[in-house]
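This report examines one structural model, with attention to loops, helices, strands, nonpolar cores and aromatic pairs. The sequence and coordinates are shown first, and the discussion follows.

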Amino acid sequence: MDSLDRVKVLVLGDSGVGKSSLVHLLCQNQVLGNPSWTVGCSVDVRIHDYREGTPEEKTYYTELWDIGGSVGSASSIKSTRAVFYNGVNGIILVHDLTNKKSSQNLYRWSLEALNRDSPPTGILVTNGDYDREQFADNQIPLLVIGTKLDQIPENKRHEVLARTAFLAEDFNAEEINLDCTNPRYLAAGSSNAVKLSRFFDKVIEKRYFLRDGNQIPGFSERKRFGGNTFKSFHYD
């Protein structure tokens, strides 16, 4: 089997928000029956067809790096995680829709991964004064995903989703809300699937193509891939 060009996408968020379940769903198209806590980092691979259905279509590996979710501020914790942040091409920020604190902590996660030293100046989901300029020059594509949508009562969903919509606006990112125990939320042709594909396309473009659409010199020609084999490995 020919090797494929690849991109690296971090999956960040607090412990318990469902990152491992999300990654399993994205890569295996299956529900993770018995999720466990991630220690260090777990990596799974999704096969993505860039610009599917167009003359530019090409198959890539998208490595999803599920980073252990301790949000502690100890320098030892951050320095350990920093090893996994090298060479990142995209970031998926994951929060639990039933846990407001996990939404607020996405600012810390993003600033840490983007190697910013200054702390957030505010928290948009509670007081509306978050400083968006901290992300104004960010060139790494971001995607915000809210999990556990099924656990929000129908009469509360509008209120919760209106509140969390500001997250995506702050990060200049698209937003997907879903239930990781139900694959239909990412069914082919759905709005969520379109957003996800658009995100991965953007990650690939940033990694391999210049802004004017020309290929970077030395970029390999298209390689063919037979079958949909996924790989999974762990770092501790």
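Asparagine 172 lies in the loop between α6 and β6 (174-177); helices (H or I, at least four residues) and strands (E, at least two) are DSSP runs, numbered from the N terminus. The phi of asparagine 172 is near 55°, a positive value in a residue other than glycine. Asparagine 172 counts as exposed, at 70% relative accessibility, where buried means under 20% relative accessible area, exposed over 50%, and partly exposed in between (1.4 Å probe, protein chains only).

The model is predicted: local features need pLDDT of at least 70, side-chain atom pairs count only at pLDDT 80 or more, and totals for chains, interfaces and linings use all residues. Residues are numbered from 1 along each chain as its sequence is written, and side-chain values use heavy atoms, with hydrogens and water left out.

**Further positive phi values**

Arginine 51 is found in the loop between β2 and β3. Its phi is positive, about 50°, although arginine 51 is not a glycine. With 34% relative accessibility, arginine 51 counts as partly exposed.

**Helix α1 and strand β4**

Helix α1 (residues 19-28) has nine of its ten residues buried, so it is largely enclosed by the rest of the structure. Those buried are Lys19, Ser20, Ser21, Leu22, Val23, His24, Leu25, Leu26 and Cys27. Their cover includes β1 (6-12), β2 (41-50), β3 (58-67), β4 (90-96), β5 (142-147) and α7 (191-208).

Strand β4 is likewise largely enclosed by the rest of the structure, because seven of its seven residues are buried. In a regular strand the side chains alternate between the two faces of the sheet. Both faces of β4 are covered, with Gly90, Ile92, Val94 and Asp96 buried on one side and Ile91, Leu93 and His95 buried on the other.

Two strands pair if DSSP finds at least two bridges between them. By that criterion β1 and β4 pair in the parallel sense over four bridges, and leucine 12 has leucine 93 of β4 as its bridge partner. β4 and β5 also run parallel, joined by six bridges; here leucine 93 stands opposite valine 144 in β5.

**Nonpolar cores**

A nonpolar core is a set of buried Ala, Val, Leu, Ile, Met, Phe, Trp, Tyr and Cys residues joined through side-chain atoms within 4.5 Å. The largest one has 32 residues, and Leu22, Leu64, Ile92 and Leu178 have the most contacts inside it. Two or more residues of this core come from each of β1, α1, β3, β4, β5 and α7. Helix α7 provides the largest share, six residues. Apart from this core lies another, of 21 residues, among them Leu10, Phe84, Ala113 and Val144.

Leucine 22 is in contact (heavy atoms within 4.5 Å) with Ile92, Val94, Ile145, Leu178 and Cys180, leaving aside neighbours within four places in sequence.

Helix α7 has 18 residues and reaches 26 Å from its first C-alpha to its last. That span is close to the 26 Å expected at 1.5 Å a residue, the expected span being 1.5 Å times one less than the number of residues. The buried residues of α7 include Leu196, Phe199, Phe200, Val203, Ile204 and Tyr208.

**Aromatic pairs and charges over rings**

Rings of Phe, Tyr and Trp (its six-membered ring) pair if their centres lie within 6.5 Å; planes under 30 degrees apart count as stacked, over 60 as edge-to-face and the rest as tilted.

| Pair | Centre distance | Plane angle | Class |
|---|---|---|---|
| Tyrosine 60 and tyrosine 208 | 5.4 Å | 35° | tilted |
| Tyrosine 107 and phenylalanine 171 | 5.2 Å | 35° | tilted |

Tyrosine 60 lies in strand β3 and tyrosine 208 in helix α7, so the pair ties together parts that are 148 residues apart in sequence. Both tyrosine 60 and tyrosine 208 are buried. Together with Tyr50 and Phe209, Tyr60 and Tyr208 form one aromatic cluster.

Tyrosine 107 belongs to helix α4 (residues 106-113) and phenylalanine 171 to helix α6 (residues 154-171), so this pair ties together parts 64 residues apart in sequence. Tyrosine 107 is buried at a relative accessible area of 1%, and phenylalanine 171 is buried at 3%.

A charge sits over a ring if NZ of Lys or CZ of Arg is within 6 Å of the ring centre and within 35 degrees of the ring normal. Lysine 8 lies over the face of tryptophan 65, at 4.0 Å from the ring centre. The charged end of arginine 207 sits over the ring of tyrosine 208, 4.4 Å from its centre.
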